[in-house]
Amino acid sequence: MKRKNIVLAGIVIFVALVLVIFIVINSRPKTYNSNTINGANVEHISNVDVEITTQIHKTEVPDGYIGIYTVDDFEYIRTNPSYNYILMNDLDFSDVTDWKSPNIKSMFDGNNYSIMNFMQNTSLFSVCYGTIQNLNMQNIEISGKSILCRELSAYYHDDENHLYPGTLKNCNIEGKINYAVTDAESDVVNVGGIISYAKGDPSNSEISPIIDDCIFNGTISVTYAFDNYFQNNSTHLLIGGIVGFIDEGTISNCITGGKITYNETNMENNWDNLLANIGGIAGSTGYGTIENTKNEINIVSNSESINAAGIVGLVGKQLKSTVISGCCNLGNITLQEKYSGSVIDSSIKAGGIIANYDYPYLPTIYNCYNSGSITANNVGGLSCCSANLKFCYNIGEIKGTNKAGALLCDKNENIEYCYSLNNGVDVTSDGGKYPYVKVLSEEEMKNQSSFEWLNFNDVWTFSDGEYKYPTLKNCQ
């Protein structure tokens, strides 16, 4: 009897040990060392945790929608733009030439599928009076002004008797834009990685475009030759990683990466006829909001008259202050004079968040930072123009041949609770003392206790990665 009890106890102990080992093994983080995961190249990753996400596709066409299964099915959209459409599989455009971009006046749901190998001289859609969402575009190269849509606009839904803002949501675009300005255009040219121009309804200020949760990763190259374009008129070029120009709208939760290059020819005595505005997110905005958005696009230009910044090149004339919050710039900006000595220094401006603005209202920048290196005639670590500045910092290298400020280019009474790295550049180009600005050493910038004005409960955090400075929880 005693021997039977010993055997039974041994079995119980063995089973318990097996269960413990099973639980420990399955509770450990999973590691993957294969070359691809869900199609992404992870060859450089070894023995690290990889979060695997599965794209969710609707397998049946929902009520009220028409399924798009082939490239030829886009003809339904051309002839019936007011219907709702949903993509039901990946589409390869390799064999498509001379694409005729349709308008869409309702909903286009990409259903988390991809459009691949789109090599055209125009965008996928012309004007979107409605919503585009859940769409991926990969290996794209165009000679037009945007990849996904030329214009995003408010639309009127007949069935519901209601006006809706144009909306772009959850779109991931990877590709190249190579655009040459020609003499066949107007005096305003908008070029955007995803959309060239987004606008609301002029009769209703509440109907403003919405761009949310979108990614652009790629290159935008724009060239301008003065000898073949509007020689007797002023020209405005608006170039952005997400959108060239957005009029009174909202951009949120977006990410950009890659490079924007802008070059000019034949401009020796004509620079004052041109103004280029470049932003890693938007070339220019009217009144609006940009929040929780990250730029890693590098900007390079040889223009004689340019505004360039990590987030917005130019904040246009507004009814009230444009607000930029929770945004960060990691991209480098290099603006070079092509015809040195032939221009007024103030014509070249660069900033980590904003380069310039039109009156009457100062833009508001709060909970933002810049870590990109910026070189130009006039440079502000966060803004080259005056701005309402709170809870921000700059660690990026600042090089201004005319004016340079670690935070702003000029003196400003509206700088509060901000920080800058002590790298030999004053807070503003005009010097001055600011009681609520701290200039910190490299060691202090890497210590959370140095940033007593920042909200580390809800807004800010310190990264565990290579970047040893404060980061935004919604901008990583």
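Author: The spot I'd pick is P363, which is buried because its relative accessible area is 0%. Keep in mind that this is a predicted model, where local features need pLDDT of at least 70, side-chain atom pairs count only at pLDDT 80 or more, and totals for chains, interfaces and linings use all residues. Numbering starts from 1 along each chain as its sequence is written, and side-chain values use heavy atoms, with hydrogens and water left out.

So where does P363 sit? You'll find P363 in a loop, with strand 32 (354-357) on one side and strand 33 (364-366) on the other. Strands (E, at least two residues) and helices (H or I, at least four) are DSSP runs numbered from the N terminus. Leaving out residues up to four places away in sequence, P363 touches V315, S321, T322, I354, Y357, C385, S386, A387 and N388; touching, or contact, means heavy atoms within 4.5 Å. Of those partners, I354 and Y357 are the two ends of strand 32 (354-357).

Now zoom out to the whole chain. It has three helices and 43 strands, and 49% of its 476 residues count as buried. Take the contacts between residues at least 6 apart in sequence: 68% of them join residues at least 24 apart.

Rings of Phe, Tyr and Trp (its six-membered ring) pair if their centres lie within 6.5 Å, with planes under 30 degrees apart counted as stacked, over 60 as edge-to-face and the rest as tilted. F108 and F125 form an edge-to-face pair, because their ring planes are at 65°, with the centres 5.1 Å apart. That pair links distant parts of the chain, since F108 is in strand 6 (residues 107-116) and F125 is in strand 8 (residues 125-128), 17 residues away. Both F108 and F125 are buried.

Finally, if you're checking the backbone, look at two residues with positive phi. N170 has a phi of about 55° although it is not a glycine, and it lies in strand 13 (residues 167-180). With 29% relative accessibility, N170 counts as partly exposed. E248, also not a glycine, has a positive phi of about 55° too, but its place is in the loop between strand 19 (243-246) and strand 20. E248 has a relative accessible area of 25%, so this residue is partly exposed. P363, where we started, is buried at 0%.

Conventions: Buried < 20%, exposed > 50% of the residue type's maximum accessible area, 1.4 Å probe, protein only.
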